[in-house]
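The following exercises are intended for a reader new to this structure. Please work through each task before reading its solution.

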Amino acid sequence: MSVTIQPTGIVIKSAEEIASMRRAGQVVAKMIEAVSKEIKPGVTTADLDAIAYQMCKSLGAKPGFKGYHGYPATICTSVNNEIVHGIPGKKVLKEGDIISIDVGAIVDGFNGDAARTLPVGKVSAMAEKLIKVTRESLDEGIKQARAKNRMGDIGAAIQKHAESNGFSIVREYVGHGIGRLLHEEPAVPNYGEAGKGMILPKNLPLAIEPMVNVGSWETRVLEDKWTVVTKDGSLSAHFEDTLVITDGQPEILTRL
Ligand code: MF3
Ligand code: CO
């Protein structure tokens, strides 16, 4: 979540609405799969955007980000020190880079939203560790995302895993509720205190999305008004899934 959460209040979804979100989530997962296969040295971020767009269209869905507050592309591609919201373009991927792809799709009026950070060829040991720890941080958050737990349980679990591995958690950008709108209430911080915050209700769809930096958590936005980078130039990774709260482990919609 970067932009704004509309003041619509928290919207619990019906079984039918969740079925639509399931379809949107599967489209997002297939877009991620298609893009991931093409990540290699020599490919441009615009090439990756085109692959995502084609997969989205071929599945009869609509890109979720294009036109959102004027965003110009199907996916976000954020390389190395870029945290989120990098705009695909002429940038050529090279061996040793890491790239975060953030993908959204709309099916039957409902959004899916997910992100992965991937290595380009062989990357440094530090980059590998960052990717692994960020993926694990998302999974730690997901484990806490169940009915009757509190919002703070999610953030605390994510923060603990990232920080105990020597990394920092981005503060200015957080996860979010999701449904007819890409960004709905509630905000889902990747930091906080266990036992604090709202009690999670069943059938609430959330996008949980830790952004983890090797250096400090502070961020800066580039001239293009979109690309968020680390203030200190350190590497950053981003993993996100859309899921639905249940009485047990959540249903993750954006994995195949
Ligand atoms: N997963 C990103 C987020 O929730 C998607 C950004 S979409 C954009 O912030 F259109 F704002 F780029
Ligand atoms: Co999101």
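This is a predicted model: local features need pLDDT of at least 70, side-chain atom pairs count only at pLDDT 80 or more; totals for chains, interfaces and linings use all residues.

Residues are numbered from 1 along each chain as its sequence is written, chains are lettered from A and ligands numbered from 1 in the order in which they are written, and side-chain values use heavy atoms, with hydrogens and water left out.

**Exercise 1. Helix α1**

Solution. Helices (H or I, at least four residues) and strands (E, at least two) are DSSP runs, numbered from the N terminus.

Step 1. Buried means under 20% relative accessible area, exposed over 50%, and partly exposed in between (1.4 Å probe, protein chains only).

Step 2. Contact means heavy atoms within 4.5 Å. Not counting residues up to four places away in sequence, Ser20 touches Val107, Asp108 and Phe110.

**Exercise 2. The packing of α1 and α2**

Task: Describe how α1 and α2 pack, and classify the residues of their contact.

Solution. Axes are lines fitted to C-alpha atoms, for helices over the stretch in contact, and angles run from 0 to 180 degrees between N-to-C directions.

Step 1. The axes of α1 and α2 are 9 Å apart, and the packing angle is about 140°.

Step 2. Val27, Lys30, Met31, Ala34 and Val35 of α1 meet Leu48, Ile51, Ala52, Met55 and Cys56 of α2. This contact has nine nonpolar, no polar and one charged residues. Here Ala, Val, Leu, Ile, Met, Phe, Trp, Tyr, Cys and Pro count as nonpolar, Asp, Glu, Lys and Arg as charged, and the others, Gly among them, as polar.

**Exercise 3. The packing of α3 and α4**

Task: Determine the relative direction of α3 and α4 from their crossing angle.

Solution. 

Step 1. Helix α3 (residues 125-144) and helix α4 (residues 151-164) have axes that come within 8 Å and cross at roughly 155°. The two helices are therefore roughly antiparallel, a term for angles over 145 degrees.

Step 2. The residues of the contact of α3 with α4 divide into five nonpolar, four polar and three charged.

**Exercise 4. Backbone features**

Task: Locate the residues with positive phi and the cis peptide bond.

Solution. 

Step 1. Asn80, although not a glycine, has a positive phi of about 60°. Asn80 lies in the loop between β2 (75-79) and β3 (82-84) and counts as buried, at 19% relative accessibility.

Step 2. Asp108, also not a glycine, has a positive phi of about 50°. Asp108 is in the loop between β4 and β5 and is partly exposed, at 48%.

Step 3. The peptide bond from Glu185 to Pro186 is cis, with omega near 0°, and Pro186 lies in strand β8 (residues 184-188).

Notes
Angles under 35 degrees count as roughly parallel, over 145 as roughly antiparallel, 65 to 115 as roughly perpendicular and the rest as oblique.
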